[in-house]
Amino acid sequence: MGTLTVGEVARDSGVSGSAVRFYERQGLITAARTGGNQRRFDADAACRIRVARVAQRVGLTVNEIRDLLAALPPGPQLADWEGLHDRLTAEAERRIRDLHAALDDIGSGRRLCDL
């Protein structure tokens, strides 16, 4: 069972408690429940939230972020996080290329409706 409370995960990840609960509802992090029905999170919950926030800035949807984080095994090791880093970096670079192509189209002088 996890040991961190909602408040601890919120503090460690830099988000509010309601955001921690949102990320849990969306399946980006998971919690166990105590006998008193309180949430307890694993040590990597805050890291997962920080990664999710970066992925949101890249433009990934919650579903895409869920898929990205789902590729991590339980108790991820450094190599697992590095692999996630590489996948997120590649996706960010792909999106940047797509945006540059869109800017080129916009600046081409053609009518926007013809692009």
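**Exercise 1.** Which residue just after H3 takes a positive phi?

Solution. Gly59 does, with a phi of about 115 degrees. Helices (H or I, at least four residues) and strands (E, at least two) are DSSP runs, numbered from the N terminus. The model is predicted: local features need pLDDT of at least 70, side-chain atom pairs count only at pLDDT 80 or more, and totals for chains, interfaces and linings use all residues. Residues are numbered from 1 along each chain as its sequence is written, and side-chain values use heavy atoms, without hydrogens or water.

**Exercise 2.** Find the buried residues of H3 and what they pack against.

Solution. Buried means under 20% relative accessible area, exposed over 50%, and partly exposed in between (1.4 Å probe, protein chains only). By that rule the buried residues of H3 are Ala45, Ala46, Arg48, Ile49, Val51, Ala52 and Ala55. Next, take contact as heavy atoms within 4.5 Å. The buried residues of H3 pack against H1, H2, strand E2 (39-41), H4 and H5. Cys47 counts as partly exposed because its relative accessibility is 23%.

**Exercise 3.** Identify the residues of the largest nonpolar core that touch the most other members.

Solution. A nonpolar core is a set of buried Ala, Val, Leu, Ile, Met, Phe, Trp, Tyr and Cys residues joined through side-chain atoms within 4.5 Å. The largest one holds 25 residues, and Val9, Val20 and Phe41 touch the most other members. Two or more residues come from each of helix H1 (6-13), helix H2 (17-25), helix H3 (45-58), helix H4 (62-70) and helix H5 (78-106). H3 gives the most, six residues.
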